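Please view the sequence and the model together while reading.

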Amino acid sequence: MRAKITYVVTAAVLVFYFVLVGSRGVLLIEHGTLITVTFGIAVLVLPAIGVWFLWKNTQFVRRANALAAELDAEGGLPVDELLRTPSGRIDRASADAVFERRREETEDSPDDWRCWFRLAVAYQDARDTPRARKAMQRAIALHRANAAPSPSGDHSSPSGV
């Protein structure tokens, strides 16, 4: 819950910043000289990129949370079996051992989004955020591909009923 609150507060601060910067860009454009219009357009590009980035990250988080909820309903969420230091941090050797198991599981079933989801969690526990994000993106893509209707438009069940 704390992560959600942090995300919402950060997103709200960013939106406020985007509005503030955007209004300055509009003021520059309204001034009407070649240089201020050029700077105004350049200033408007920054909030546009920021809004796009915030939107993409929000979509990613929502999709990852949906996968987590589905996996939880199936009883397939990874169990927290990691050893921790007295301060509560994850023990690196423990995270590496769990990661190796998850990596092997994913290599055995490379088309299973559940394996990629669990691998993403293992990457995150091993403090490898870029790879965790890529693994989660792969899990999302596999899940969406499996959930998409067949290209022929045939929605009948496999038994033909």
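## Annotated spans

The structure is a predicted model. According to an unreviewed UniProt entry, residues 7-27 and residues 33-55 are each listed under "transmembrane region".

In the model, residues 7-27 are 100% helix and 0% strand, and 30 Å separates the C-alpha atoms at the ends of this span. Residues 33-55 are 96% helix and 0% strand, with end C-alpha atoms 33 Å apart.

## The setting of Ser-94

Ser-94 belongs to helix H3, which covers residues 92-108. The relative accessible area of Ser-94 is 10%; because this is under 20%, the residue counts as buried. Leaving aside residues up to four places away in sequence, Ser-94 is in contact with Glu-81, Leu-82 and Leu-83.

## The packing of H4 and H5

Helix H4 spans residues 113-125 and helix H5 spans residues 129-147; the two pack with axes 8 Å apart, at an angle of about 165 degrees. Since angles over 145 degrees count as roughly antiparallel, H4 is roughly antiparallel to H5. The crossing of these two helices is left-handed.

On the H4 side, the contact is formed by Trp-113, Trp-116, Phe-117, Ala-120, Tyr-123 and Gln-124. H5 contributes residues including Thr-129, Arg-131, Ala-135, Met-136, Arg-138, Leu-142 and His-143. By type, the residues in the contact of H4 with H5 comprise 10 nonpolar, four polar and two charged.

Conventions. Residues numbered from 1 in each chain as written. Predicted model: local features only at pLDDT ≥ 70, side-chain atom pairs only at ≥ 80, totals over all residues. Heavy atoms only, no water. UniProt positions renumbered as here; feature names shortened; annotations may be inferred. Helix = DSSP H or I, 4+ residues; strand = E, 2+ residues; numbered from the N terminus. Buried < 20%, exposed > 50% of the residue type's maximum accessible area, 1.4 Å probe, protein only. Contact = heavy atoms within 4.5 Å. Axes fitted to C-alpha atoms, helices over the stretch in contact; angles between N-to-C directions. Parallel < 35°, antiparallel > 145°, perpendicular 65-115°, else oblique. Left-handed = near helix turned anticlockwise from the far one by under 90°. Nonpolar A, V, L, I, M, F, W, Y, C, P; charged D, E, K, R; others polar.
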